[in-house]
Amino acid sequence: MFEKWKAFLAKHQTRPEESSLYRIAVTVLVMFALGLTLQQIEWPAYSLAVLLLTPAASYLSHRRRQSSNLEIKIFLSFAMVALLLWFFVRLSSSLYDPRIPLAELLIWLQTLHAFDLPAKKDLRYTVLVALILMAIAAVLTYSSWFSVALLIFCALFLVVGALDFWSDNRLPGTLESEQTLGDDDTASSGYRLDRRWLTRTLLVALPAALTAALIIFVFMPRYRGLQLRSLPMNWDIQFSLAHISSGEIVNQKLSGERNSNGKPQRIEGDSYFGFDAEVNLNARGSLSDRLVLKVRTSDWQYHRAVTFSEYTGGGWRSGLEEPTLKSITEPPFYFSSPHGGQDRLTIYYAEVDLPNVVFVPSNPRMLYFPSSEIYQIGSFPDENQREFKNTPAVLISPFNLEKGVVYSVLNRTAPVAPSALKNLPDWDPDGRRPLSLKPYLNLPDTVPQRVRDLALKLTENSTSPWERASRLTAYLQQNYRYNLDVDFYPEEADTVDHFLFEAREGYCEQFASALCVMSRSVGMPARYVTGYLPGSYNPLSGFYEIRAKDAHAWVEIYVPEVGWMTFDPVPGENATPDLGDSLEDRWLLESFLKYLNVPESLRNKIPALIRGFVLLALLSLALSVWKSVRFRPSKPVKRSELEPYLLRAESLTIPRKPGETVKDWAQRTEVESLNKLATIYERTFYQDKALTSKDHDELSKSLKVLKLRSDQARGT
């Protein structure tokens, strides 16, 4: 039976690839892609086996390229079935991020495929696998340094492409004819790669490829909307992280006692004092530029950490119910969310150790988090109330968010269009509010009357909660100065009153507190919120990079028929982040210039200037192509298999003159060996006949005679 199989394989065996240089280049390319992919999945235990087996298998394939390799094919058949079963096992344990099992499957498929690469088509499949591996690595990475690896891969890929072309064609100008032709059945077997040709090819191709990529980048719009529906999270990490909380917020980097009474307090470091159970509005300090989170999101949005309801005059306390434990056997955690709207996907990557609060966008609906337990503080005291959706106010992890933690969130957008917000119904005219909203309406008696009077004056004649919230937000943005170096407020003063009427400057904590207190003064339920701004978009990696200095405070106001909506009264910020960022860049080039901190005056001019030059270059190229097509010869120049022999003969004698036939050239040189070449040339070229093995032998003998004659002439 095996003999019949061997005969069948031998009959259908394709022509083996003889070029060892091409094989080496393909192996280097795929090894580079394998190494990057293994690095992105954090060097699994089998990495060394893959990196050793792949080049060894490629060498074995080259040694056995002339064989049918029946034994190897049988081994590969069983190995691939086993690999498929292993893949399904890995997939069943990683349903929440199938990218890793898919990457592992492709890595091992390539390693097995390397055992059977006899023909060029097999090597080309390997090149295709290398491209797919690079795509997987690009999806898994969240570092902008990956762009350097892409440039290296591009150069290697162009080398492989050039060698692929050379091994198929071996045209004049691509090779050095240092050895004798006609030693076997292939006329080009004695030719070696011309390194100068390869260098010239790369020097032209690489800049052309990079220029094309730059043109695409310059004209590439920045699309919004992440369509990924596999929600990454490192589920296994829960078994290695120590539980340090039973529902209380733990911010280990904060020193000193909790203080919400307005005592002057100096705070330094990377950890924001707002990520705690209490907030002191008289705390002063600065945060560093250290990267703390990388976020891949389907939309521009704020990232909430803690919400507070109780205003003390000098700070904020939670004022809500005690945390409740929420347990699951497998992800995700589900939460109440408003009906309608659209889902947004957000993936968080912790770059440093963070407090145990779970950062989420507004209105989280599903949370894929690496823990079977999580603590939740609801927005309303009564868990069973049905009048409002009890969306989570705070989510607390049983362990700190250590560096390397990955989790994903699906949240809901506002269920109504921005244009319809002004027409939403107002609260009852008699001023009564549901008891569920009472914690977000309470104000201490110490709040001066002039704060309440100012809020009433600013919202006079407004017809909806949305209009009142917008008026108050706009007033704060337009009439107060943002200043990170503001002096300590008097300890006995009410923070909001002192900010509005005395200091008239502050930072986000004072702005947010003022909006929250004034909103409550006019009967709008509001709460103070801390978290992170969206951060800086990195167009090279596709991630928003959030730094310690992006810690922020804002306000959430309850709007009837909508729910909690975000308002930011800080000058220069988007007043309504839930409705999207009107200042977001529409082109990748603009995002890249902003990421490099290019001044705004230049950012507005550089893109238009670059696009103008690119358009001129494209028009020039189109004009050149049009001219070359219009004025090219009507008949293509005919080439011959004899051309390499003619070029070699010319190098050993004298060159042909323009328009001179081979026969006239042979007669002019008066070299007998050229007459045979001229005879074969006329018979094959003009009669369109292929060279026979006998012709190759005769031509090789003629070149040997010419080589000997040339050597003797140089010796004399």
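Below are my entries, from the whole chain down to single residues.

**Ground rules**

I am working from a predicted model, where local features need pLDDT of at least 70, side-chain atom pairs count only at pLDDT 80 or more, and totals for chains, interfaces and linings use all residues. Residues are numbered from 1 along each chain as its sequence is written, and side-chain values use heavy atoms, with hydrogens and water left out.

**Entry 1: the whole chain**

I looked up the inventory and found 19 helices and 23 strands in the protein chain. Helices (H or I, at least four residues) and strands (E, at least two) are DSSP runs, numbered from the N terminus. Of the 716 residues, 51% count as buried. Here buried means under 20% relative accessible area, exposed over 50%, and partly exposed in between (1.4 Å probe, protein chains only).

I noted an accessible surface of about 35,800 Å², with 56% of it belonging to carbon and sulfur atoms. These areas come from the Shrake-Rupley method with a 1.4 Å probe, and for residues only the protein chains shown count as cover. Among contacts between residues at least 6 apart in sequence, 73% join residues at least 24 apart; contact means heavy atoms within 4.5 Å.

**Entry 2: helix α5**

I checked the length of helix α5 (residues 99-113): its 15 residues should span 21 Å at 1.5 Å a residue, and its end C-alpha atoms are 21 Å apart, which agrees. The expected span is 1.5 Å times one less than the number of residues.

Is α5 largely enclosed or open? I found 12 of its 15 residues buried, so α5 is largely enclosed by the rest of the structure. Among the buried ones are Leu105, Leu106, Ile107 and Trp108, and also Arg99, Glu104 and His113. The buried residues of α5 pack against α2, α3, α4 (70-92), α6 and β12 (343-350).

**Entry 3: around helix α11**

I moved on to helix α11 (residues 495-503), whose buried residues are Thr495, Val496, Asp497, His498, Phe499 and Leu500. These pack against β8 (310-311), α9 (449-458), α10 (465-479), β18 and α12 (508-521). At the start of α11, a side-chain oxygen of Asp494 reaches to within 3.1 Å of the backbone nitrogen of Val496. After the helix comes Arg504, with a positive phi near 60 degrees.

Next I looked at Glu505 in strand β18 (residues 505-506). Glu505 is buried at 18% relative accessible area, and its side chain makes a polar contact with the side chain of Asn483 (3.4 Å). A polar contact is a pair of N or O atoms within 3.5 Å; within protein, one must be able to donate a hydrogen and the other to accept it, and residues adjacent in sequence count only if both atoms are side-chain atoms. Leaving out residues up to four places away in sequence, Glu505 touches Arg481, Asn483, Val486, Tyr489 and Phe499.

**Entry 4: salt bridges**

How many salt bridges does the structure hold? I have 18 on my page, each a side-chain nitrogen of Lys or Arg within 4 Å of a carboxyl oxygen of Asp or Glu.

One of them joins Arg450 and Asp497 (2.6 Å, N to O). Arg450 lies in α9 and Asp497 in α11, so the pair ties together parts 47 residues apart in sequence. Arg450 is partly exposed at 36%, whereas Asp497 is buried at 10%.

Lys549 and Asp289 also meet in a salt bridge (3.0 Å, N to O). Lys549 sits in the loop between β21 (543-547) and β22 (551-559) and Asp289 in the loop between β5 (283-284) and β6 (291-297), so this pair ties together parts 260 residues apart in sequence.

**Entry 5: the outside**

I found a nonpolar surface patch of about 310 Å² made by Leu128, Leu131, Ile132 and Phe157. Patches are made of residues with over 30% relative accessible area and no salt bridge; like charges are joined within 9 Å, nonpolar side chains (Val, Leu, Ile, Met, Phe, Trp, Tyr) within 5 Å. Helix α6 (residues 120-140) gives the largest share, 3 residues.

Last, I checked the loop between α2 (20-40) and α3 (47-63), where Glu42 is found. Glu42 has a positive phi near 65 degrees and is exposed at 70% relative accessibility. Trp43, in the loop between α2 and α3, has a positive phi near 45 degrees and is partly exposed at 47%.
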